[in-house]
Amino acid sequence: MSHSVKISRKQGISFLVLVILSITLTLTIYLHTNDSRQFKDLTEELFYSELSDNTLSLHYTLAFPEDYGIDEPARLPFYDLGPDNGEEDIRSMLDRLSRISPEHLNDEDAYAYELLTRYLNLRLEGTAYPYYSDPLSPSSGMQSGLPILLADYTFRSAKDVEDYLHILDQTDTYFDGLIQYEKAKSENRLFMSDASAGKIIEQCCSIMDKDDLSSGTHFLHTTFEERLDAMRQEDLITEEQKSQWMAENDRLLTTVMAPAYENVADAFTVLQGSGSNDMGLCYFPEGRAYYEYLLASTTGSSRSIAEIKTLLFNDFQQNMTAMSDLFYHYPELAVISSDETAPFPFTSPEEMLDDLKERMTDDFPAFPVSEEISFNTSYTIKRVSPSMEDYCSPAYYLTPPIDDMSNNIIYINHKNSPDALTLYTTLAHEGYPGHLYQTVYSQLYMNQKETSCIRYLLHYGGYVEGWALYVENLSYEYAQSLVRDKSPITAAWYEACRLNRNIQLCLYSLLDIAIHYEGATPAKVQAILRELGITDEETVAAIYEYIVEEPVTYLKYYLGFMEFTLLRDAAQNVWGEDFSLQRFHRFVLETGPSDFQGLQSRLTS
């Protein structure tokens, strides 16, 4: 006997709506889950492949790579462009990204997707200029960078020591790759000037000084022994292991690394004279286009060169006007010297950093930690090895691994001992609230938010150095507050120092564009500087040479700084009465390293 159920038209429609809603919901969940999984797979693949091929990068990114599933033998990359300069791999990544809908990702992944897409597109643009970069430039090349990274290679386990020694054993093949690249640059008439090549030759001879190596006093001897001593004190290694490794380090430094540097010096001696241009990039065939690419990829700014020039010119005039007004109100500044100002209240770097940490609390948020998360950060102030002083910046901060941010190192270069104000503002730039604070804060926040691992590989020079110069400017105000009550003229002197530094950096940024994009000759630069009172020929020549050798470096700092001040102005307009410095700084830090287009879109979204 059969039974039938009658369904009314209204019931039928309701049932159909429920079915459609169920299908839609299922499809939506599937699309979101599928796209999220694809994005996670793609970014993890890129993260692992980038780090697995370079143990130095891996070690400075992850303290414990095994926790991330990375357990590769120690290796240095071989500098080989390949037939397509990596273009095919980048296009493949972009194609896979295009199949993922950012609307189906959570907010953090959607922002990472946006940044990665622009980052890869810029890298794709850069593949058109395979022989324009300078991995062995006089001021920032790997001939000086590699020893610094080796000297601070942290030993947490016996494997770290063994990896370190394996890296030393590969320095010959690593530099062989760089030599082949420089030869290819020469064949394409893109090799550096004779003067720059001469600096590389001199550096290779002095960095791996034969007397220091033979006496065992080279800084790669002493720093290695210091790290082993620390491990021995903690019973992480035996005395026998220490002795074996010390002997192996000595052998590799003298039989592998020193000859590798000799090979670089010999190669550059042969290549000297093959350079076709000792002026700006625009004198190379595709130099102007390469400069536009380099400017965007290094600073993270999407502004046109014309717009950047206008910003710089206006800023230069405003600072000059501010300096003129300051001298009008304090005419004694024209005759006073730093020796005649009030003594700075602090003398040691530790005292200065403690003061900066205290003074910044009203303007900057505390580290993002909770009761469930205990975190203590420490720092060590170290002196740059005397043998490296000529090739290092006045100070620098070593970025810690993302999974071990407790121990931080700031290096001070004592070649030209800074005065107290300069040391104070330099420590603000490198420490609090500069690189150290920004790095630790952003990484802590992103770790807690489980941000996509790819964010740790996307480097934005304008964000990093722009932030440091931005807070350095604030630190001049902190310094003024230290002395204003007792000595107003000293506070005015500090403000004059701040304005002078900005004027100088702004001027050099304008000269960077003039030299590399507009073709300013040494004579033209000399005439510009003469009008501003800079007449010493050696000084003028040094300024010109540095800008030629390090294109966009000044803009990385100063344009980055200006982008942050413009972003702060935009935040004031968007938030109105709810604006505060602390809120703005929290926004920047919690957004994390980004290009400025990304920061602007996050601010207004």
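This briefing walks through the fold, the surface and a few selected residues of the chain above. The model is predicted, so to speak of local features a pLDDT of at least 70 is needed, side-chain atom pairs count only at pLDDT 80 or more, and totals for chains, interfaces and linings use all residues. Residues are numbered from 1 along each chain as its sequence is written, and side-chain values use heavy atoms, with hydrogens and water left out.

**Overall fold**

- The chain contains 23 helices and three strands; both are DSSP runs numbered from the N terminus, with helices being H or I of at least four residues and strands being E of at least two.
- Its radius of gyration is 27 Å, close to the 25 Å that the globule rule gives for 605 residues, so the chain is as compact as a globular protein of that length. Here the radius is taken over C-alpha atoms, and the rule is 2.2 Å times the number of residues to the power 0.38.
- Along the principal axes, the C-alpha atoms fill a box of roughly 110 × 65 × 55 Å.
- Of the contacts in the chain with a separation of 6 or more, 80% are between residues 24 or more positions apart; a contact means heavy atoms within 4.5 Å.

**Surface and charge**

- Of the 605 residues, 50% count as buried. Buried means under 20% relative accessible area, exposed means over 50%, and partly exposed lies in between (1.4 Å probe, protein chains only).

- Rings of Phe, Tyr and Trp (its six-membered ring) pair if their centres lie within 6.5 Å; planes under 30 degrees apart are stacked, over 60 edge-to-face and the rest tilted.
- Tyr463 and Phe564 form an edge-to-face pair, at 5.6 Å centre to centre with 65° between the planes.
- Tyr463 sits in helix H17 (residues 461-483) and Phe564 in helix H21 (residues 553-575), so this pair ties together parts that are 101 residues apart in sequence.
- Tyr463 is buried at 0% relative accessibility, and Phe564 is buried at 0% as well.
- Glu563 also lies in helix H21 and is buried, with a relative accessible area of 6%.
- Leaving aside neighbours within four places in sequence, Glu563 is in contact with Ser301, Arg303 and Phe596.
- Glu563 and Trp467 are 96 residues apart in sequence, and their C-alpha atoms are 9.4 Å apart.

- Glu549 belongs to helix H20 (residues 537-549) and is buried, at 9% relative accessible area.
- Met279 and Glu549 are 270 residues apart in sequence, with 9.1 Å from C-alpha to C-alpha.
- Met279 is in the loop between H11 and helix H12 (287-299) and is partly exposed, at 22%.
- With residues up to four places away in sequence set aside, Met279 touches Thr521, Pro522, Tyr544 and Val548.
- Gly198, in helix H8 (residues 194-207), is partly exposed at 26% relative accessibility.
- The C-alpha atoms of Gly198 and Phe268 are separated by 7.8 Å, although the two residues are 70 apart along the chain.

**Backbone features in loops**

- Most residues other than glycine have a negative phi, and most peptide bonds are trans.
- Asp235 has a positive phi of about 60°; this residue is in the loop between helix H10 (219-233) and helix H11 (239-271) and is exposed at 63%.
- Glu450 has a positive phi near 55°; Glu450 lies in the loop between H16 and H17 and is exposed, at 69%.
- The peptide bond from Tyr432 to Pro433 is cis, with omega near 0°, and Pro433 is in the loop between helix H15 (420-430) and helix H16 (435-448).
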